[in-house]
Amino acid sequence: MGRRSGIGALVSSSPLMAAAKPIYDLILLLDLGAEDEARAKIVADARAAISAEGELVGDQAWGTRALAYEIDHREQAEYHLLQFTGPASLIDGLEHTLRITDGVVRHRVIKLPPGSTAVAATATPEPTAPA
């Protein structure tokens, strides 16, 4: 009886490796018409929400950049990238809060492919000229 057959052969007796937590990108486009303090508070609140339920693994302020297309008569926005890990409830909470927050032009949460690494917290990409 040394040989397993059927479903027992498919199940290994060795412990399974824990799956790596997925990394998410939160891109924030903030209205330049909002006060500097209000924009700083939006980013600080997003960081606090992430730290409360998950882990902030990357944070970059990309500065003012041209939008690819005009949004609500705005041609530029202040860009921020926050990378984090956390549960679905964190993403839902961020989505809800950012959707109703004045001063947020656009936001997007994107799940990175497995094996992706977080950006360096201090590196800031150079702005590119609009096409």
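**View 1. Gln-83 is a buried residue, with a relative accessible area of 2%.** Buried means under 20% relative accessible area, with a 1.4 Å probe and protein chains only. The model is predicted: local features need pLDDT of at least 70 and side-chain atom pairs count only at pLDDT 80 or more, while totals for chains, interfaces and linings use all residues. Residues are numbered from 1 along each chain as its sequence is written, and side-chain values use heavy atoms, with hydrogens and water left out. Gln-83 belongs to strand S3; strands (E, at least two residues) and helices (H or I, at least four) are DSSP runs numbered from the N terminus. Leaving aside neighbours within four places in sequence, the contacts of Gln-83 (heavy atoms within 4.5 Å) include Tyr-24, Asp-25, Glu-55, Val-57, Leu-112 and Val-119.

**View 2. The largest nonpolar core has 16 residues.** Such a core is a set of buried Ala, Val, Leu, Ile, Met, Phe, Trp, Tyr and Cys residues joined through side-chain atoms within 4.5 Å. Leu-26, Leu-28, Phe-84 and Leu-94 touch the most other members. Two or more residues each come from strand S1 (24-30), helix H2 (36-53), strand S3 (74-85), helix H3 (88-100) and strand S4 (104-111). Residues up to four places away in sequence not counted, Leu-94 touches Leu-26, Ala-46, Ala-49, Ile-50 and Phe-84. A second, separate core has eight residues, among them Ala-77, Tyr-79, Leu-81 and Val-105.

**View 3. The largest pocket holds about 170 Å³ of space.** On a 1 Å grid over the protein atoms alone, a pocket is an open set of points where a 1.4 Å probe fits, with protein on both sides within 12 Å along at least five of seven lines; lining residues have an atom within 4 Å of a point. The volume is the space filled by probe spheres set on the points, which are joined across faces, edges and corners. Strand S2 (55-71) gives the largest share of the lining, four residues, and S1 and S4 each supply at least two. The lining includes Ile-27, Leu-29, Tyr-69, Tyr-79, Arg-106, His-107 and Arg-108. By class, seven lining residues are nonpolar, one is polar and two are charged; Ala, Val, Leu, Ile, Met, Phe, Trp, Tyr, Cys and Pro count as nonpolar, Asp, Glu, Lys and Arg as charged, and the others, Gly among them, as polar.

**View 4. The chain has three helices and four strands.** From the N terminus on, the order is α-β-α-β-β-α-β. Of the 131 residues, 31% count as buried.

Key. Buried < 20%, exposed > 50% of the residue type's maximum accessible area, 1.4 Å probe, protein only.
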